[in-house]
Amino acid sequence: MKNLKKEDINQEVFDLYDDYAHNRIDRRSFMDKLSTYAVGGITLPALMSFVMPNYQDNIQVKPDDPRLITGSISYSSPKGGGNSDAQVSRLKESKGKLPGIVVVHENRGLNPHIADVGRRAALAGYLSIAPDALSPLGGYPGTDDEGREMQSKRDRNEMLQDFIAAFEYLRDHPDCTGKVGVVGFCFGGWISNMMAVNVPDLTAAVPFYGGQPSAADVPKIQAPLLLQYAELDTRVNEGWPEYEKALKANNKVYKAYIYPNTNHGFHNDTTGRFDKEAAALAWKRTIEFFDEKLKG
């Protein structure tokens, strides 16, 4: 079968890919279990092609986009890995200082998709930084399988310190107004939540389907939050009711959206979990939120 559509795929396939993408099963187990869904004319290669990321054909803003100035930098992260590499991007025609956005990757390093999201943030009128938490291990290795394996070797609290250092780099950058927000996806969603806990002068945070901080940490949050969840993402959503209860109890400023009939990773336009309408709406809300909090 060619040109598989989401409605052709059993929900259990997406759940299986989620287990694989989060290291709960290895590649061999993933392939073995996935093969049981290759029925009715749907082949295993077709299923693999549908669920696995396709970066080559799905980059929205290319690294050499003439509207942008995009480059690589290295910044100091004394409490993290020592030094981290990152993509920094801004509009070529922008004048004066810009507010900043830290863009935080998933659990596999700075892959082409998240670098693309960093450039999308720049196109919206921000000075963006997209760090690579795999820098101390040599950087994103070119495949997500290797990237996940590498990232699993790092302590997540040290990686948190790397992204906090990126915030400080951006806040103090001569081209930045000092107002800086963070947006992150999956692991990056957890990082975004934890930066809200640990960075008092963070201006705004937008976690996409991210793990939640403990209720005891919620009083430390100062930044307004825009929280984006996928309805079918039962794993992450388990922590949302307690988080919302704590946010309300501590009078925190937040908005939360749960996008109907979407899977974890719905914003990532390189995999079969992508939901075009939900992703467009979530990104529109993200930029409007940043415009209000960082430019207003």
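Biologist: With which residue does the side chain of Gln11 make a polar contact?

Modeller: The model is predicted, and the values that follow are computed from it. Gln11 belongs to helix α1, which spans residues 11–21, and at 28% relative accessibility Gln11 is partly exposed. Beyond its neighbours within four places in sequence, Gln11 is in contact with Leu232 and Asn263. The polar contact, at 2.6 Å, joins the side chain of Gln11 to the side chain of Asn263.

Biologist: How far are the C-alpha atoms of Gln11 and Asn263 separated?

Modeller: Along the chain, Gln11 and Asn263 are 252 residues apart.

Biologist: Which backbone nitrogen does the side chain of Asn10 reach?

Modeller: Asn10 lies in the segment before α1 and is partly exposed, with a relative accessible area of 39%. The C-alpha atom of Asn10 is separated by 7.8 Å from that of Tyr37, 27 residues apart along the chain. At 2.8 Å, the side chain of Asn10 reaches the backbone nitrogen of Glu12.

Biologist: Is Asn237 buried or exposed?

Modeller: Asn237 is found in helix α8. Its relative accessible area is 16%, and a residue counts as buried under 20%. Asn237 is therefore buried.

Biologist: Which residue has its backbone oxygen 2.8 Å from a polar atom of the side chain of Asn237?

Modeller: Not counting residues up to four places away in sequence, Asn237 touches Tyr229, Ala230 and Glu231. The backbone oxygen that lies 2.8 Å from a polar atom of the Asn237 side chain belongs to Ala230.

Biologist: Why do the buried residues of α9 line one face of the helix?

Modeller: Helix α9 covers residues 240–249, and within it Trp240, Tyr243, Ala246 and Leu247 are buried. An α-helix has 3.6 residues a turn, so residues three or four places apart point the same way. Seen down the axis of α9, the buried residues line one face because they fall within an arc of 130°.

Biologist: Which exposed residues are carried by the face of α9 turned away from its buried side?

Modeller: The buried residues of α9 pack against α7 (187–198), β7 (225–230), α8 (234–237) and β8 (254–259). Just after α9, Asn251 takes a positive phi of about 55°. The face turned away from the buried side carries the exposed residues Pro241, Glu242, Lys245, Lys248 and Ala249.

Biologist: Within what arc do the buried residues of α5 fall?

Modeller: In helix α5, residues 144–151, the buried residues are Asp144, Gly147, Arg148, Met150 and Gln151. Viewed down the helix axis, they line one face of α5, because they fall within an arc of 165°.

Biologist: Over the ring of which residue does the charged end of Arg148 sit?

Modeller: Arg148 is one of the buried residues of α5. Its charged end lies 4.6 Å from the centre of a ring, and that ring belongs to Tyr20.

Biologist: How far is the charged end of Arg156 from the centre of the ring of Trp190?

Modeller: The charged end of Arg156 sits over the ring of Trp190. Its distance from the centre of that ring is 4.0 Å.

Biologist: Which residues form one aromatic cluster?

Modeller: The structure holds 18 aromatic pairs. One aromatic cluster is formed by Phe185, Phe208, Tyr209, Tyr257, Tyr259 and Phe266.

Biologist: Which backbone oxygen does the side chain of Ser128 reach?

Modeller: Ser128 lies in strand β4, residues 127–132, and at 0% relative accessibility it counts as buried. Leaving aside neighbours within four places in sequence, its contacts include Gln87, Val88, Ile101 and Gly118. At 2.8 Å, the side chain of Ser128 reaches the backbone oxygen of Gly118.

Biologist: How many disulfides does a search of the whole structure find?

Modeller: Cys176 is buried, with a relative accessible area of 4%, and Cys186 is buried as well, at 9%. A disulfide requires a pair of cysteine sulfur atoms within 2.5 Å. The number found in the whole structure is 0.

Definitions and conventions:
Residues numbered from 1 in each chain as written. Predicted model: local features only at pLDDT ≥ 70, side-chain atom pairs only at ≥ 80, totals over all residues. Heavy atoms only, no water. Phe/Tyr/Trp six-rings, centres within 6.5 Å; stacked < 30°, edge-to-face > 60°. Lys NZ or Arg CZ within 6 Å of the ring centre and 35° of its normal. Buried < 20%, exposed > 50% of the residue type's maximum accessible area, 1.4 Å probe, protein only. Helix = DSSP H or I, 4+ residues; strand = E, 2+ residues; numbered from the N terminus. Arc of directions from axis to C-beta. Contact = heavy atoms within 4.5 Å. Polar contact = N/O pair within 3.5 Å; in protein donor to acceptor, adjacent residues only side chain to side chain.
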